[in-house]
Amino acid sequence: MAREGPIAVVTARGRASRLLVLVLQVAFFVVTIGAWEIAARIGWLDSFFFSRPSAIGARIVEWVETGYIWPHLFTTLVEAMAAFAIGIASGVAAGLVLARVELLAAVFDPYIRVFNALPRVILAPILIIWFGLGMTSKIALGVTLVFFVVFFNTFQGVREVNPAIVNNARMLQASNRQLMRYVYLPSAMAWIFSSLHTSIGFALVGAVVGEYIGSAKGIGYVVSQAQGVFDTTGVFAGLILTSIVVLGIDLTIERLERYLLRWRPQA
Amino acid sequence: MGTDAMEANSAAIAFDRVTIRFATPAGLVQTVMSNIDLRVEDGTFVALVGPSGCGKSTLLNAAAGLLAPPEGVVSVFGEALKGINRHAAYLFQEDALLPWRTVLDNVTLGLVFRGVPRVQASEAARGWLARVRLTGFEDRFPHQLSGGMRKRVAIAQAWIVDPRILLMDEPFGALDVQTRQIMENELLELWQGSNKTVLFITHDLEEAIALGDRVIVMSSGPARIKGDYPIALPRPRDVAEIRLLPAFNAIYKRIWADLREEVMKNAGGADGIPAHGA
C-alpha cells in the first residue's frame, strides 16, 4: 500500500534519533549519580544528610534479599490499586452522568470546585480518625485524589464529542444506553487515559502519605521509621522504590492505552 | 391494510407551515425559516438548493426529527413526527462515522442498535461493503481511508437499515470534483429502482439538477421556498454526461435566474455569477 513508504522512512529516521536519546539519557544518569557518589565520598556532601547512591542501592538490595520490604510494598500497592480502581470507576461514572444531565452539572458545579480546591492531604488525619489506622483510610485518601482528576477529564471528554457523530448514532436509532456505550464513553476514552497517568501517581501519594501519618505497614511507614532515626539512606531507598513501582504501573497503562486507542491516527 | 390507503395519498415528508427560531448568544431571537410548506412525494429524489447559511440544514434536521419546530408540523407518511424520524437515514456533510470502530463495525451499527444479532449484521454489512466496492477494507479504521471511501462507508451505514427516506446534507461537498461525480453516479445507481425518497441538500445547482426529479430553491434567511422546478431529464442518468445536454442547460438558466438573486443578496452583491457550460 502507498502508505507504507513514508512510514518506513519515518521509522528509519526515528530509530537513529531514538538511539541518540537513549545514549544521552544513560550519560545523564551516570554523570548525576556519579557526581553525587563522588561528592559524598570526598566530603563535599554530608553523607549523613544526603546519603550515597551506592548505600541506597545496597539498602534496596538488602531489603529485597531479607524479604523485609515485600509486606510493606504489598500493602502500599494494594492500597494504591484499590484507590485507583475506586477512583476511576466513580470518576468515570460521575463524569458521564454530569456531562449528560445539564441540571445535575449546574447543581454540583460549585461543590465540586470547592472540594477540588481543598488540599486533600489535610484530609488524611480526619480519614484516619474515621477509618482507623488500617488500609481503608489510605484508600479513602487516594480516592479523593484520583476521583477528581478522572472526573474532570471524563466530563470534558464527553462534552467534546463531535455532535455530528452523536446525531448520526441517533439517526441510526441508538438508545441512550447505546449512545453512552458506543459514542460518549469511547470518545471520552482518550481524555480518561491521559488522566490515568496523573492519577496513578496520586493513588500512590494517597497511600504513602496516609501511611506516613499513621500506620504500622507500608512504604510510607518504612520511610517514617527511617526518618525517625535520621536514616536518610532508608528514606531515599523508600522513595526510589515507590517511583519504580509507579513507573511500572504507568508503562502498563500506556500499553493498554495504545491498544484501546489504536483507532486514532498516528500523530 | 388500512394504513396503506392512507399512505397512498400522504407524502413521504410534509412540512406544514413550519417556522424555526433560534436564540442567538446575544439573547435575540433569530428566525431561521418561516412558514415553510413542502411536500416530498414518496419515491422521488428532491434536491434543495439555496445560498450557504440559508437554513437548508435546519430544514433537513427538522425532517430528521433532530430538532422539533416550535411552530408548524412535520409529518412523515402522514404521521406527525415526534422524536427521531424512524423511517429516515441521514448522510451528513462532515464525517460522522465512529472513528473508534472499524469499517465493518460502523456499517453494522444501525442493525446492532436495532437488536439484530452480530453475526447476521456482519453478514449484511459485508454484502453492503461489496456493493460500495470496499471489500477488503472491513478491518480498517475510518482515518485509514480516503474521503471518498469514508463516504461510501457512510452510504453503506445508512442504507443497510433499508430506510424509506434518505436525508442528505451536502454529503459530497468536501470531495474533489472527480470523486464527487463518481459518488453521485454511485448514489443514483443505488437509488434507481429502490423506491426510496431522497431529500438532498446542496448549494451546487448543477449537482441538484443532475440528481433530482425536482429542484427546490430556497431564499436566504429567513428561509422561504422560492421556486419549485420539475426536472424532466431522462433516467438512468450519468451526472457527467447529462450536463452536456441542451435541456440541462435550459433548466440551469431558468433556475439560476431565480437562485442568483438569493446568492447575490447573501454575498452582498458581489460578482457571484458562475458561467455554466460556456
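Colleague: Which residue just after α2(B) takes a positive phi?

Modeller: That residue is B:Gly65, with a phi of about 85°. Please bear in mind that this is a predicted model.

Colleague: And α2(B) itself, is the helix mostly covered or mostly exposed?

Modeller: Helix α2, residues 56-64 of chain B, is mostly covered, with seven of its nine residues buried.

Colleague: Which are the buried residues?

Modeller: In α2(B) they are B:Lys56, B:Thr58, B:Leu59, B:Leu60, B:Ala62, B:Ala63 and B:Ala64.

Colleague: Turning to the sheet, what is the strand order in chain B?

Modeller: The order is β2-β1-β4-β5, in an open sheet of four strands whose pairing is antiparallel. Strands β2 (29-40) and β5 (79-80) of chain B each have a single partner strand, so they stand at the edges and one side of each is left without a neighbour in the sheet.

Colleague: How many bridges are there between β1(B) and β2(B)?

Modeller: Eight bridges join β2(B) to β1(B), which covers residues 13-23, and the two strands run in the antiparallel sense. As examples of facing residues, B:Ala14 has B:Arg39 as its bridge partner in β2(B), and B:Ile20 is placed opposite B:Met33 of β2(B).

Colleague: What lies between those strands in the hairpin?

Modeller: Five residues separate β1(B) from β2(B) in the hairpin, where B:Gly27 adopts a positive phi near 95°.

Colleague: And how does β1(B) pair with β4(B)?

Modeller: Strand β4, residues 71-76 of chain B, pairs with β1(B) through five bridges, again in the antiparallel sense. Here B:Ile13 faces B:Val76 of β4(B).

Colleague: A change of topic: at what angle do α3(B) and α4(B) cross?

Modeller: The axes of α3 (residues 103-113) and α4 (residues 118-131) of chain B cross at roughly 120° and come within 8 Å. The two helices are therefore oblique to each other. The crossing of α3(B) past α4(B) is right-handed.

Colleague: Which residues make that contact?

Modeller: On α3(B) they are B:Val103, B:Leu104, B:Val107, B:Thr108, B:Leu111 and B:Val112. Helix α4(B) contributes B:Arg118, B:Ala121, B:Ser122, B:Ala124, B:Ala125, B:Trp128 and B:Leu129. By class, the residues of this contact between α3(B) and α4(B) comprise 10 nonpolar, two polar and one charged.

Colleague: Now the chain contact. How many residues does each chain bring?

Modeller: Chain A brings 15 residues and chain B brings 19 residues. On the side of chain A that touches chain B, α8 (163-171) and α9 (176-213) each supply at least two residues.

Colleague: Which gives the most to that side of chain A?

Modeller: Helix α8(A) gives the most, with six residues. The residues on the side of chain A that touches chain B are 10 nonpolar, four polar and one charged.

Colleague: How far apart are the axes of α8(A) and α9(A)?

Modeller: Their axes are 10 Å apart, and the helices pack at an angle of about 145°. Helix α8(A) passes α9(A) in a crossing that is right-handed.

Colleague: Which residues do α8(A) and α9(A) use for the contact?

Modeller: Helix α8(A) uses A:Ile165, A:Val166 and A:Ala169, while α9(A) uses A:Leu179, A:Tyr182 and A:Val183. The contact of α8(A) with α9(A) has six nonpolar residues, no polar and no charged.

Terms used. Residues are numbered from 1 along each chain as its sequence is written. Chains are lettered from A and ligands numbered from 1 in the order in which they are written. This is a predicted model: local features need pLDDT of at least 70, side-chain atom pairs count only at pLDDT 80 or more; totals for chains, interfaces and linings use all residues. Two strands pair if DSSP finds at least two bridges between them. Two residues are in contact if their C-beta atoms, placed from the backbone, lie within 7 Å. Ala, Val, Leu, Ile, Met, Phe, Trp, Tyr, Cys and Pro count as nonpolar, Asp, Glu, Lys and Arg as charged, and the others, Gly among them, as polar. A residue is buried if 20 or more other C-beta atoms lie within 10 Å of its own, exposed if 12 or fewer, and partly exposed in between; C-beta atoms are placed from the backbone. Axes are lines fitted to C-alpha atoms, for helices over the stretch in contact, and angles run from 0 to 180 degrees between N-to-C directions. Angles under 35 degrees count as roughly parallel, over 145 as roughly antiparallel, 65 to 115 as roughly perpendicular and the rest as oblique. A crossing is left-handed if the near helix is turned anticlockwise from the far one by less than a right angle, and right-handed if clockwise.
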